[in-house]
Amino acid sequence: MDRKIIRKLSIELVVITLISVFVLSFFYLISSDDSKERVQQNYSELFANVLEASYYEEIEIDNLDDYSGLLGVYEGFNEDGSPLGFITDVLVVTDNNEELHLLTGITYDGAELTGLSRIHDERNPVAISDQQIAVIASQAVGSQIPLYVNHPNETFDLDSSSPRIPGLHDGIFYAQVKEPDNNGYIDYVEIEVTNGSITRVQWDAFNIERNIKDRIDAAISGAYVISGENWATQSYNLCHALINCQDPARLAMKSDGTTSIVDGVTIEISTFVQLAYECINNSIYDFNEEEYKAGLASIISGIFNSDPETLGIYDDEGNIVFSFEDYPNAFAIYDEENNITGYTNVLGKVRGIVIDTENMNISSPQTTGTPNDSSVVDGAEDGVNIGDVDTSSDNIDGIPVAEIRTYIDGIEGDFVRSRYVVTAVNVSYRFLKDYLNWMA
Amino acid sequence: MRPGKFAPFIHTSITTPYINVKYLIALIPCVVYAIVSYGIRALVLIAFSAFLSTFFDVVVEAIKNQSIKTNKYFDYASISGGIVFALLLPPDCSLIVAAVGILAGSLVFKQLFGGAGTNIFVIPVAGRLLIEALFPSQLDTFATPGSAFFEYRSLLFDSNTHESIFQVGHDFKEYSFVELLAGRYPSFIGTGCVILIIVSLVYLIMSKTTRITTTASYLFFVFVASLVVFWDEGILYVCSFMLISGVFFVAVFLLSDYTTTSNSFYGSVISGIVSAVVFVLCFKYSSSIVAICGSVLVCNLMSFIMDYYKLGHVTLVEEVEE
């Protein structure tokens, strides 16, 4: 081919390319309205029973892989353009590779579930019917997320088959709150672990005013009065329930801090649950009561540069009566530039372990007694992989137990399948929490 | 006998390389569509396939001591073959799968049947059908055109991820004609935009480097066969089917080749009819790619048989007797 032909062919190449670009652009332009209408029609058909909106838009997410199981997120809008909520497309994969593909609808600001719907395109579907999903939806829709499923209200026998938190060391473990309540009481919980099981639990409180009796004594004597059963009785019932179920998560604390599954307990149990978790954590790290109190005393000594005896922080019972109200940074974690990055507890402060006290997740144990971290959720390529449905950790689907807002009954007699559905909702919550920087 | 030297007394610019370059230019509209609709992964697939196809041809020719430099002959067919192969791939195809198809086409189907210029099959089609048989689950997802322009991970990893909910029961009846013409329906990366394929056809006709008989026969009889097979669905369904099935791509680029289609008029028509019937039946009872590739390979097989019994020594004997 000579130069003339090559030049001719080159011109033809350029002309054809330009014509192609022009024709394609033109047809894309004239078909864009049809395309938008078709897409919105598809969206409405799929999403209307989950979150009804005037129109929907897909949200482009760069780090979708960080939320394994999340296939897509869409936002619903009113006619005036104000956001109504979100629809998440989630694929849950079970440990035997069954799949459950769900759409969940969540309100924009209330973190309430607006709807649940299944997409029947799974390669190996979980054997759960639409009626069963409707049962869960009827319990969960309108409630705040994240969710969890109540265990059946039955008594656990403390034998070898009792569900225990793994990795507990034997001994007596203790935790107390940093600041007193409105009545001046500093709550504490003490647990005793024998052969890896919790065998004794005590929840009481001593007063910052040392001349006032402990709360149990005050309740028994009538000096401390609450509605419902006597506080001492309720404390006893709750402690007994924890011994039976071995895991504070199974006390099914609701969003208002109460529980409905422990007979006779009407008080808020959030403080008890928080302290129980701290005791369990201390047991995992073999940080017994003696070490705890010594550590706490050393922290206080560090603040005042004086020894505990001189400071007079011990009462007659050996409790450390001290409020950190005026020393909010006593348990702060600092970075290299001396900025506060979080807060720890006594164990974290004494042993240098990074503990996020809000989420109670242990990230870098440096001493003996490495916890047996049985995660509930194990991410996989194509979905959230449930693995063993294990509720014995202090987080559920990667969400701290304390953040769980609603406990549902689920499908009667089928905790496992109910759990799959709840996981899909919780994956959506985790994403939206990060995306919107939002606490439900 | 070296290629390109059968009639040394005829001097024309319309040589095989010239025709193939025209063919390459005609592929540009489909390449533009592929890149605009499917982004980086389409561009990489096309470039990779073209390069690999050419590379294998060069290596084989070097091994056979027929180096390009010595003969100063390179007909660009390997480049166009690589591009056509890529245009028949789904957008989430990985490079490894593409490489297997190119390797099989270039080394097995091409060289075993005589090499450049003498093979009876359209090589990219044969390679594409082979990988469909070997890796069916990796070639069955179709991304929405215009989405994920910068997506590239599917090139490197198995893209066997869960499909978008909008692929579930994807029904082309929901699309308007304009959308289908514009290539908005998810398909193989180069076959989706009929309007640009028509631009290519016009260019090929104007440059007089294509056989139109088989193309026209094939298109017409696909329409007729579709009307028969999909009678219950109606004529609008058939028209939409014509736009999304890839039949235009087959007709323009795969049934217009000089070496693999019949030289005679009647041969071309009959090949077109048979291929059309095979296409429609395969589409109904198998998959789209089996329909596309199967109909082309049937046409290829028929063409030399048709030409042998219509032309060749029969005609020559008649002329000698006269």
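Residues are classed as buried under 20% relative accessible area, exposed over 50%, and partly exposed in between (1.4 Å probe, protein chains only). The model is predicted; local features need pLDDT of at least 70, side-chain atom pairs count only at pLDDT 80 or more, and totals for chains, interfaces and linings use all residues. Side-chain values use heavy atoms, without hydrogens and water, residues are numbered from 1 along each chain as its sequence is written, and chains are lettered from A and ligands numbered from 1 in the order in which they are written.

At 32% relative accessibility, A:Glu291 is partly exposed. The side chain of A:Glu291 meets that of A:Arg351 in a salt bridge (3.3 Å, N to O). A salt bridge is a side-chain nitrogen of Lys or Arg within 4 Å of a carboxyl oxygen of Asp or Glu. A:Arg351 lies in helix H8 (residues 346–351) of chain A and A:Glu291 in helix H6 of chain A, so the pair ties together parts 60 residues apart in sequence. Helices are DSSP runs (H or I, at least four residues), numbered from the N terminus.

A:Glu289 pairs with A:Lys293 in a further salt bridge, with the closest N and O atoms 3.1 Å apart. These two residues are four apart in helix H6 (residues 289–304) of chain A, and therefore about one helical turn separates them. Over all chains, the search finds 15 salt bridges.

The interface of chain A and chain B holds two salt bridges. A:Glu12 and B:Lys22 form a salt bridge at 2.7 Å, N to O. A:Lys8 joins A:Glu12 and B:Lys22 in a network of salt bridges. In total, 37 residues of chain A contact 35 residues of chain B, where contact means heavy atoms within 4.5 Å. The two chains bury about 3200 Å² between them, 68% of it on carbon and sulfur atoms. Buried area is the accessible area (1.4 Å probe) lost by two parts on being put together, summed over both.

Within chain B, B:Ser240 sits in helix H11 (residues 235–244). B:Ser240 is buried, because its relative accessible area is 9%. B:Ser240 touches B:Phe172, B:Phe177 and B:Leu180, not counting residues up to four places away in sequence.
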